[in-house]
Amino acid sequence: MAEQTETAPGAQQFIPPRADTLDDLRAAATGCRGCELYRDASQTVFGRGDAGARVVFVGEQPGDMEDQKGLPFVGPAGRLLRRAVDDARLDPGHIYLTNAVKHFRFEQRGKRRIHQTPDRVHITACRPWLVAEFAQLRPEVVVVLGATAAKALLGPTFRVTRQRGELLPWPESAQHPEDFRRVPVDARGGVADAPPARLLATIHPSAVLRADDQDKAYEGLVADLTVAARALAG
Ligand code: SF4
């Protein structure tokens, strides 16, 4: 079981200074020791999708199945998210999926591994990977799934329940917009302003699976994603 720590060295030192592609980052992330979560998890679960994706989804952390397969959003919550993406008429070919924290945090109970929400120390430690991913991506819409991802990108005061489904300017709505404002444009170290985009927060698909009224929670998720789909079309 991953013990709780107050501090962690953070991922920054594991990020190659001249990573040119998401594949470079993905390869480097396999060796990350930026917090203690790597010790009990099976492997790093990095983002997946095309660098040219129009929509970037940011979730919380890999779950049990994602940890085993090494891919994000392949468990029950991921299946539900894919259904919601279809129902919202978002093109699944234009999506990049990642998580705020890239190792599975869990508590071992007998043979079962029970999901544990990452602490602030894990979110902070892992954030450099998220910033590095965004440097390679040029989304038109960023979809934040749940409170952990919202904390990682928008800061601790953002409340998903209050502002879900609302289109916000990106990266201006980030807690540290300067981390996302300038992006590399060539291999010689050139940078330019990131193309303007929008951000939308909604609930995590796992919250739909836990809801008392799953149909209603699912409808809410689809409604929020439909806002994102319209933003792309508009
Ligand atoms: S959770 Fe993030 S910071 Fe911690 S070891 Fe894994 S990749 Fe590194």
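Angles of 65 to 115 degrees between axes count as roughly perpendicular. In this predicted model, the axes of helix α4 (residues 120-136) and helix α5 (residues 146-154) cross at roughly 70°. The two helices, α4 and α5, are therefore roughly perpendicular to each other. Their axes come within 10 Å.

From α4, the contact draws on I123, R127, L130 and F134. From α5, T148, K151, A152 and L153 meet them. By class, the contact of α4 with α5 has five nonpolar residues, one polar residue and two charged residues.

The ligand sits in the second largest cavity. Around the ligand are C32, G34, C35 and Y38, together with V101, K102 and H103. A125, C126 and W129 also belong to these surroundings. Seven residues of the shell around the ligand are nonpolar. Two others are polar, and one is charged.

Two backbone features lie in loops. The peptide bond from W170 to P171 is cis. Its omega is near 10°. P171 is placed in the loop between β6 (168-170) and α7 (178-181). F73 is found in the loop between α2 (64-69) and α3 (76-87).

Technical notes: Residues are numbered from 1 along each chain as its sequence is written. This is a predicted model: local features need pLDDT of at least 70, side-chain atom pairs count only at pLDDT 80 or more; totals for chains, interfaces and linings use all residues. Side-chain values use heavy atoms; hydrogens and water are left out. A residue is near a molecule or strand if one of its heavy atoms lies within 4 Å of it. On a 1 Å grid over the protein atoms alone, a cavity is a set of points where a 1.4 Å probe fits but cannot get out, and a pocket is an open set with protein on both sides within 12 Å along at least five of seven lines; lining residues have an atom within 4 Å of a point. A molecule sits in a cavity or pocket if more than half of its atoms lie within 2 Å of its grid points. Ala, Val, Leu, Ile, Met, Phe, Trp, Tyr, Cys and Pro count as nonpolar, Asp, Glu, Lys and Arg as charged, and the others, Gly among them, as polar. Axes are lines fitted to C-alpha atoms, for helices over the stretch in contact, and angles run from 0 to 180 degrees between N-to-C directions. Helices (H or I, at least four residues) and strands (E, at least two) are DSSP runs, numbered from the N terminus. Angles under 35 degrees count as roughly parallel, over 145 as roughly antiparallel, 65 to 115 as roughly perpendicular and the rest as oblique. Contact means heavy atoms within 4.5 Å.
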